[in-house]
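I opened this one to look up its pocket and its strands. Here are my notes, in the order I made them.

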Amino acid sequence: MFTGIITHIGTVTRIEKTGDTRMTVSAGFDMDSVAIGASIACSGCCLTVVDKGPGWFAADVSAETLSKTNLSSWKEGTRINLERALKVGDELGGHIVSGHVDGLAELVSIAPEGDSHRLTLRPSPELVAFVAQKGSVALDGISLTVNEVSAETFGINIIDHTWKETTLSDRGPGDQLNMEVDMLARYVARLIDVRDLRNV
């Protein structure tokens, strides 16, 4: 589990295609404290550390993950948001994030708004119903609050700190961001589905 509070920005340094795809990522945190098999959220996608060294780790990415996320667009030199797994007793500064990406959201526009940036995003159609005004969403692993919602898009206000301390400043219109909906919304939707099936 994660909180959606980005602690470091890593860089993809190597991509090897074998049975799966192995990605090596530079990391600014102490890798001595990271075990083989540990989970690290990489731009919102929970990946397992399969190899490591001073200042880097490697993770294997399946074809399924590549098909559902924006990891297929990563190249050597791509900067990514990093967050280590939540420990018992850690401060929960964002919201509960599983690291299981639900789909992609297209960045439609970026507009300055005071010292902040206003982002408009278009989620894939199956995710629209899970986005609510003042609700939470994770975009490329970042815990964010939804400001407004329309039939096909939603808006997010990005404060200057978040803009500078994450990879959002690398993004532009047309880019696809990993999107994870709020876990509560996911379970509420499932309960409604089950209730409707029982009433058929």
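**The largest pocket**

I began with the largest pocket, which holds about 310 Å³ of space. By pocket I mean, on a 1 Å grid over the protein atoms alone, an open set of points where a 1.4 Å probe fits, with protein on both sides within 12 Å along at least five of seven lines. The volume is the space filled by probe spheres set on the points, which are joined across faces, edges and corners.

A reminder to myself: this is a predicted model, where local features need pLDDT of at least 70, side-chain atom pairs count only at pLDDT 80 or more, and totals for chains, interfaces and linings use all residues. Residues are numbered from 1 along each chain as its sequence is written, and side-chain values use heavy atoms, without hydrogens and water.

I found 17 residues lining the largest pocket (an atom within 4 Å of a point). Ile 5, Ile 142, Ser 143, Leu 144 and Thr 162 lie nearest its centre. Strand S10 gives the most to this lining, with 5 residues (strands are DSSP runs of E, at least two residues, numbered from the N terminus).

**The barrels**

Next I traced S7-S8-S11-S10-S9-S12, where 6 strands close into an antiparallel barrel (two strands pair if DSSP finds at least two bridges between them). S7 (residues 103-113) and S12 (residues 176-181) pair over 4 bridges, and Ala 105 has Leu 177 in S12 as its bridge partner.

I also followed a closed barrel of 6 strands through S1-S2-S5-S4-S3-S6, with antiparallel pairing. S1 and S2 share 6 bridges; there, Glu 16 is partnered by Arg 22 in S2.
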